[in-house]
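We'll walk through it piece by piece.

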Amino acid sequence: MRKFEVIAPCHFGLEAVLKREIDKLGYDITEVADGRVTFSGDEDALCRANLFLRTAERILIKIGSFHAETFEELFQGTKALPWEDYIPKDGKFWVAKAASIKSKLFSPSDIQSIMKKAMVERLKGVYHVNWFSEEGQIFPVRVFLMKDQVTVGLDTSGDSLHKRGYRRLVAQAPIAENLAAALIMLTPWNRERILVDPFCGSGTFPIEAAMMAAHMAPGMKRSFTAESWEHVAGKKLWQDAREEARELVDMSVKPDIQGYDIDDKMVNISRENARMAGVDRMIHFQRRELARLSHPKKYGFLITNPPYGERLHDREEMPALYREIGERFRNLDSWSMYLISAYENAEQYIGRKADKNRKIYNGMMKAYFYQYMGPRPPRLERFRDNGQESGKFQESAV
Ligand code: SAH
């Protein structure tokens, strides 16, 4: 089997969660940098990483890495890479994205065109042609420059992995699916505990949680660019990975997951998205405004992404809204609350400092993930929860 170095970019601040996921998939991590984790694996790692990782942004094959401070060095470094190992004579190839931090070369469009020229030069020599039809499979390249170190990757995913294929309709400011998944994984929530998102919008948190509860691989309902690269990973490997994903799915779980929103339209969108994801039977969506949030059971989790006053609501409404969040939370007995918000006075109006918070970049926007930890259920309740999972107890913990 051929060995690859695989690069998985992710949201800044969530590298540790992705690292844990890669570890669980069974691969050796070789490097963790800001916004990406590198690991080694064979051909089926490419298939499995695309299908199973919930928090990665995409999966790249690392083609190589070199130092460059001038365009000449960039050209020579790129030309020295073994492109013919991946790109066939009729392949279509281009540098889809160039990102540069603290480096002498910084213009993405110049980096992109110089690298393309270098790749053409290399392949001309190998294939003994002067011209490429580029009518075949596609090979999008991504490059990062960090302190003049150039890292070159070939994108196996295509559409960013946060696009699972279930979310056709979105709220005004939806949270990315892989970010939602990573935030849920940062909490102690598991499928035996209650999860409520009182600002569910298009349903991302409840749907991601339900998919985790059902052990549903996030990539099951989509395709990937590298699926047509037979010479890199054959069809059989993709089939095997998809088969593994299908076998893992457990549709018998009955998790207690709810999504509420003040807007009827959003509730309908959530339901439709959950149906597309195949988890509609595992989530209860309902129109309900925050002021009416209550729950008869103990030890649940609020995991949510409230309006933060920039795109959705006027800023004047924020103090009252966050005060209400604080009040509703205090009325829930023994619950935990986890919220991601870019609203800088969130804690002040909630009326309690978070036990922990974590800086997260949601795209370019700085946000915090505020964590209010409630008590763990006592042992009896945990025992009953576990029993419930195996179908012994129908009655849930009070
Ligand atoms: N995480 C969501 C986006 C949430 S946007 C997603 O991925 O799609 C915030 C949502 O809060 C909006 O859908 C809005 O309708 C809802 N909302 C605003 N004020 C509310 C209130 N007082 N009670 C309940 N929902 C409210």
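What follows goes from the domains to the ligand.

First, some housekeeping. This is a predicted model, so to speak of local features takes a pLDDT of at least 70 and side-chain atom pairs count only at pLDDT 80 or more, while totals for chains, interfaces and linings use all residues. Residues are numbered from 1 along each chain as its sequence is written, and side-chain values use heavy atoms, with hydrogens and water left out.

The chain's domain assignment (bounds come from an automatic or database assignment) gives domain 1 (3–155) and domain 2 (177–217 + 229–396). Their centres, taken over C-alpha atoms, are 33 Å apart. Where they meet, 31 residues of domain 1 are in contact (heavy atoms within 4.5 Å) with 27 residues of domain 2. About 2400 Å² is buried between the two (accessible area, 1.4 Å probe, lost on being put together and summed over both), and carbon and sulfur atoms give 67% of it. On the domain 1 side, Leu51, Phe52 and Arg54 lose the most area, together 29% of what that side buries.

There's also one salt bridge between the domains; the term means a side-chain nitrogen of Lys or Arg within 4 Å of a carboxyl oxygen of Asp or Glu.

Now for the ligand. A polar side-chain atom of Ser202 sits 2.5 Å from a ligand oxygen, and a backbone N or O atom of Leu290 lies 2.9 Å from a ligand nitrogen.

Technical notes
A polar contact is a pair of N or O atoms within 3.5 Å; within protein, one must be able to donate a hydrogen and the other to accept it, and residues adjacent in sequence count only if both atoms are side-chain atoms.
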